[in-house]
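Please examine the structure shown below.

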Amino acid sequence: MSDAILFSVDEGMARLTLNRPTRLNAFNADLAHAWKDVTAEATSRADVKAILLDASGPAFCAGGDVIDMATTMGSSSGADITALAEVINAGIRSLTESSVPVVAAAHGTTAGGGLGILLCSDYAVVGSRSRLGSLYANIGLTPDLSVSAQLARAVGQRRALQLVLQDRLLTAQEAVEWGLVAEAVEGEDAAAEAERVRARGEEIARFWLAGAADAYGQAKHLVRSQPERSFVEQLSEEARSIGAALETPDAQARVAAFAAASARRSV
């Protein structure tokens, strides 16, 4: 695997670490292809039941590498950028379409396409110093990497428009209030806060692993895939899913334990 993204698996948890800290983990061709490969592996391995997505350096992700774009404008075209975005999109689809829950530990700044990477997660943690925004129009570009597809679902259309049509970075508290992220943690300084964000992200992943990991994964898939179905179709999919879950040894043991505990309490 490329050094642009670090990958490891430990007791059911895959850790994917964006690793271009000097460029605020902005995507260039190297990171794009590594991202596609790593996300495909993480979501296809039977031993992976939770994914932690984090980053090296002072920021989570600044989207596309604008400096790299500027230096290659004479030798590349809009079609090249489109092709590279599609490579990254393949990794986004691997995460969002899988039945493995993903937590993002997004310290520092998340901007541009970095928002799309953040929105690949099912639960996001930031630091109290974190800032999150669009900023595409500042350089004359339009949203990519799933921002237009996922942002409005997360925060509502009006708020999504406020973010993409303004030169604005949300504070961590605003991001929580908008529903863009689940929680914000504090640290004594930026470095300590980044470590606390990573630690909290791992804690959430370990919580999934310690519980009914497969059920969490299927619940994530039900919610994520819902837009593909009508209301009636979704009801049928829920019915199918809960029936399939009840056939698993884990669910049968948990249901029996719950019933036994309830019986003891009623005595």
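In which hand of crossing does helix 5 pass helix 6?

## Basis of the report

This is a predicted model, in which local features need pLDDT of at least 70 and side-chain atom pairs count only at pLDDT 80 or more, while totals for chains, interfaces and linings use all residues. Residues are numbered from 1 along each chain as its sequence is written, and side-chain values use heavy atoms, with hydrogens and water left out.

## Helices 5 and 6

The crossing of helix 5 past helix 6 is right-handed (the near helix is turned clockwise from the far one by less than a right angle). Helices here are DSSP runs of H or I with at least four residues, numbered from the N terminus.

Helix 5 (residues 147–155) packs against helix 6 (residues 157–164) at an angle of about 125°, and their axes are 7 Å apart. Axes are lines fitted to C-alpha atoms over the stretch in contact, and angles run from 0 to 180 degrees between N-to-C directions. Leu-151, Ala-152 and Val-155 of helix 5 meet Gln-157, Arg-159, Ala-160, Leu-163 and Val-164 of helix 6.

## Two buried residues

Thr-96 lies in helix 3 (residues 78–97) and is buried, with a relative accessible area of 15% (buried means under 20%, with a 1.4 Å probe and protein chains only). Beyond neighbours within four places in sequence, Thr-96 is in contact with Cys-120, Gln-150, Lys-220 and Arg-224 (contact means heavy atoms within 4.5 Å).

Glu-237 belongs to helix 10 (residues 231–246) and is buried, at a relative accessible area of 17%. Not counting residues up to four places away in sequence, Glu-237 touches Leu-222 and Arg-229.

Methods. Buried < 20%, exposed > 50% of the residue type's maximum accessible area, 1.4 Å probe, protein only.
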